Amino acid sequence: MIPSSLSKLKRLRILRAGRNFLTGPIPAEISKCGRLEVLGLAQNRLEGSFPVELQRLKNLTDLVLWQNLLSGEIPPEIGNFSSLELLALHDNTFIGSIPKEIGKLTQLKRLYLYTNQLNGTIPRELGSCLSTIEIDLSENKLSGFVPKELCNIPNIQLLQLFENLLQGSIPREIGQLKQLRRLDLSINNLTGVIPPEIQNLTLLEDLQLFDNNLQGTIPPLIGVNSNLSILDISANGLVGSIPPQLCKFQKLSFLSLGSNRLSRNIPDGLKTCKSLMHLMLGDNLLTGSLPVEFSELHNLSALELHQNRFSGPIPPELGQLRNLERLLLSNNYFLGFIPPEIGELATLVIFNISSNRLSGSIPYELGNCTKLQRLDLSRNRFTGYLPDELGKLVNLELLKLSDNRFSGPIPSTLGGLAHLTELQMGGNYFSGSIPVELGQVVYLQIALNISHNALSGTIPANLGNLQMLESLYLNDNQLVGEIPVSIGELMSLTVCNLSNNNLAGTLPNTPIFQKMDSSNFAGNKGLCGWNVSRCHSSSTRSRSRSWLKEGSSKEKLVSIISVIAGLISLVFTDLVEATGNFSAGAVLGKGACGTVYKAVMTDGKMIAVKKLKSRGEGASVDSSFHAEISTLGKISHRNIVKLYGFCYHQDSNVLFFGVVLLELITGRSPVQPLDQGGDLVTWVRRSIHAGVPMSEIYDKRLDLSARKVIEEMYLVLKIALFCTSSSPLSRPTMREVIAMMMGARESVSSALSSPTSETPLHKDDSSGVLFNASVMVIGGGIGFSIGGLIADVVSNFADCMVP
């Protein structure tokens, strides 16, 4: 504690006791040191309220109490500290409003109240502190407007109000602050435009307005009259182009314009801005190619161009950026190959080129980027084998290779990635066995996903070494053998999907597996256990299309069941599994109307399933089909097998086509994170149910400025939801879809009603809906028609239709 005996030091002028472990309150007795000019007690553990008694110190110029545990309100008596030049109360827990009496401190030069819990408005009286050169009120809970009276302070150089709850517009009077060097109003709720008067601040070096609701364009002459070095106006609603002379004086080192709606090309002035260290333009509508001139920006450590409309190849000259640490190019239209010169980026830490149109193989030179911590190559068109050199990336924490066309074995060298916490390799054509070396990656925590490949062999028991693993996806492969008990003993595991393989044996009866739904183990031959009612006779493979080809658009199924009473509707996929994919070995007999199969259901009951052939009459027979089914369900005769249920299966191409439409509309992958539903259809339906604005559902790269385009996209979404209805009976036929999509080219005459998750179209809407195939989207600087693209897809599906 600070001893009260300090009061005896009557001639004391300076007291500095910062960066100690002082506790307790500030003793009021210090106020008896009448000659005290400087009181510095920062970075201690002092607590209690602000000592009002200090107002007696008429000579006090510096009051430095920051980074303590002081609490309560700042008292209005602060206005009595008439000689005060520095007031530093930041990084405490003061509450309440800023007292307007601070405006009486005519000698005050520096006011630091940031990082407290102050609320209320900023008092206009602060504008009377005409000697002030620095004001920092950031990281509080201040509300209201930015008072224009602050613009009366002629010599202010620093004004920081970021991370508050301020609203309203930025006062135009800000242009009067001719000495202003640093202005930070970010992380508030400010609206309106960026005042053009900011262009007149000739000494401005640091301007940060990010994370507000600002609209309009960036003032075109910003940077022309000042040595601007930092500009961050990201996360607003700004439109238009990037001003051409932001780097006129070659001083700009940090530029962040991301998460706006800026368009057009990157201006030439930025391409040659050699002072740039951070260039962040992600999440906009920018077009053009990736400038080769960037290779001359040797100071660049961060280049973020993700989620725009850039196109063309990735220039090999990027390999000259030897200081580059972050390279984010995802969600664009880049094509071609990964240049091997990327391997020369020895300082690269994050490399993300996901969701582009890149192809070819992965250059082995990428293994030279040994500082890489996050590598995302997912959702492209890469082919070939993975290079063993990826195992040299020993600092890797995230590796995403999913949704490409990789083939061959999974390199065993990946087992050397000791820091890896997430490995995503699903949706490829990897073959061979699961490398036992993966069991050495003991820090895998978030996910190990190698699903939807062509992997074979058994599940390595040493995957049980991954004690931190939360999600394991091995589903939709060709794995055989038993499930190792060690997998069921992974205490952190919350998801373990082993479905659609050829696994057999007994399911480990462990507490982890007992909590999981049986769907995680479905579709495996001979898998038995407490959570699986019987050993499955066959597997239903989601990647296989054999059952679709056999009955595609030409057959409807009627299940003739002699078990429980009452007409029921059956799930088609259950019948596929119960009949061994309608295998020849399950055939009981054949007739003119169809084939009868023996089916063993998951509960062990045996039924007969008759697969009726359609005569190709189309939708006209559907109503009579259902009428006959209802009649047969009521018949009771000892010589007639009782009909207790049916399954009506339309062409599954309709469902697939609906998913394709949703991909085109949203710009998203069919597979979505589990916390967002797991698949694209669920994500869209949940978003609509939750009242998410349609603009947030559509791909951000779509040009939705015209009402006609919005209505057309709305119609396409409605048709997509119709095709992906949860009930097969509610889905249209492909012939009806083609009629809706291509049968009419008229403009949409009026706004459509909002689709719902279960009934996207009423039954009688299907024949009257029109589609105008002229929706234009600008992607990567190249115009293309979604209508034309959809027409191509439709024509491919049309080939499968019954003549």
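Methionine 280 is buried, at 11% relative accessible area (buried means under 20%, exposed over 50%, and partly exposed in between, with a 1.4 Å probe and protein chains only). The model is a predicted one, so to speak of local features takes a pLDDT of at least 70 and side-chain atom pairs count only at pLDDT 80 or more, while totals for chains, interfaces and linings use all residues. Residues are numbered from 1 along each chain as its sequence is written, and side-chain values use heavy atoms, with hydrogens and water left out.

Methionine 280 sits in strand S22, residues 278-280; strands here are DSSP runs of E with at least two residues, helices are runs of H or I with at least four, and both are numbered from the N terminus. What does methionine 280 touch once its neighbours within four places in sequence are set aside? The list runs to Phe254, Leu255, Ser256, Leu257, Gly258, Glu304 and Arg326, a contact being heavy atoms within 4.5 Å. Leucine 328 lies 48 residues from methionine 280 in sequence, with 9.1 Å between their C-alpha atoms.

On to the sheets. Strands S19, S21 and S23 make up an open sheet of three, in the order S19-S21-S23, with parallel pairing; two strands count as paired if DSSP finds at least two bridges between them. Strand S19 (239-240) and strand S23 (285-286) are at the edges with a single partner strand each, so one side of each has no neighbour in the sheet. Two bridges hold the parallel pairing of S21 (residues 261-264) with S23, and arginine 264 has leucine 286 in S23 as its bridge partner.

A second open sheet has nine strands, also with parallel pairing, and reads S25-S27-S29-S31-S33-S35-S37-S39-S41. Its edge strands, S25 (311-312) and S41 (502-503), each pair on one side only. Inside the order, strand S29 (residues 357-360) pairs with strand S31 (residues 381-384) in the parallel sense over two bridges. Serine 359 stands opposite arginine 381 in S31.

For the chain as a whole, the secondary structure comes to 12 helices and 51 strands. Of its 803 residues, 51% are buried. Counting contacts between residues at least 6 apart in sequence, 52% join residues at least 24 apart. The chain exposes about 34,500 Å², with carbon and sulfur atoms supplying 52% of it; accessible areas come from the Shrake-Rupley method with a 1.4 Å probe, and for residues only the protein chains shown count as cover.
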